[in-house]
Amino acid sequence: MKYLAITAMLLTLASCAHRHQMSLVEMNSQSALVGEIDSRAKTITVTLPSGQVASGKYTNLSFLHGLAFSLFAPGEISGLFGGMLSSGEPGYGVVTGPDNYLLEMVFYVSSDGGAGFAKANDGRTYRFIF
């Protein structure tokens, strides 16, 4: 019975391993937003300062340039990453919220977390880890 309880606990922990809490820090003011990325469902949620929630989906990309429409300027993505590529999978997501809020995110994700940058349509740029 003891082994059954331990197995159940490990399965519960493993089922949550695909969800990562993230903190998005605004690069100028250092104010922060909080959110969650779910690597199984490929979803992102972010709680805005108003308390409202913005959400969206992300996709894995083989490269992070050449996007047809982007809040990031051409070449800005590789500049933000310092020209260095992580060993994780590159991802791209768009989060939308109330009042036409738009947050474009580029990042690298691995089994134990990830990091990236986000740019909002209000001009704010964030860096984040999860």
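A salt bridge is here a side-chain nitrogen of Lys or Arg within 4 Å of a carboxyl oxygen of Asp or Glu. By that criterion the structure holds two salt bridges. The model is predicted, so local features need pLDDT of at least 70 and side-chain atom pairs count only at pLDDT 80 or more, while totals for chains, interfaces and linings use all residues. Residues are numbered from 1 along each chain as its sequence is written, and side-chain values use heavy atoms, with hydrogens and water left out.

Arg-19 belongs to strand β1 (residues 19-26) and Asp-38 to strand β2 (residues 32-38), so the bridge ties together parts that are 19 residues apart in sequence. Strands (E, at least two residues) and helices (H or I, at least four) are DSSP runs, numbered from the N terminus. Accessibility is given as relative accessible area: buried means under 20%, exposed over 50%, and partly exposed in between (1.4 Å probe, protein chains only). Arg-19 is partly exposed at 45%, whereas Asp-38 is buried at 8%.

Asp-122 and Arg-124 also form a salt bridge, with their closest N and O atoms 3.7 Å apart. Asp-122 is partly exposed at 45%, and Arg-124 is partly exposed at 40%.

Next come the aromatic rings. Rings of Phe, Tyr and Trp (its six-membered ring) pair if their centres lie within 6.5 Å; planes under 30 degrees apart count as stacked, over 60 as edge-to-face and the rest as tilted. This rule gives four aromatic pairs. In one of them, the ring centres of Phe-107 and Phe-130 are 5.9 Å apart and the planes stand at 80 degrees, so the pair is edge-to-face. The pair links distant parts of the chain, 23 residues apart: Phe-107 is in strand β6 (residues 102-110), and Phe-130 is in the segment after β8 (125-129). Phe-107 is buried, with a relative accessible area of 0%, and Phe-130 is buried at 12%. Both rings are part of one aromatic cluster formed by Tyr-58, Phe-107, Phe-128 and Phe-130.

Thr-47 lies in strand β3 (residues 43-47) and is partly exposed, at 32% relative accessible area. Leaving aside residues up to four places away in sequence, Thr-47 touches Leu-33, Val-34, Gln-52 and Val-53, where contact means heavy atoms within 4.5 Å. The C-alpha atoms of Thr-47 and Gly-97 are separated by 9.4 Å, although the two residues are 50 residues apart along the chain.
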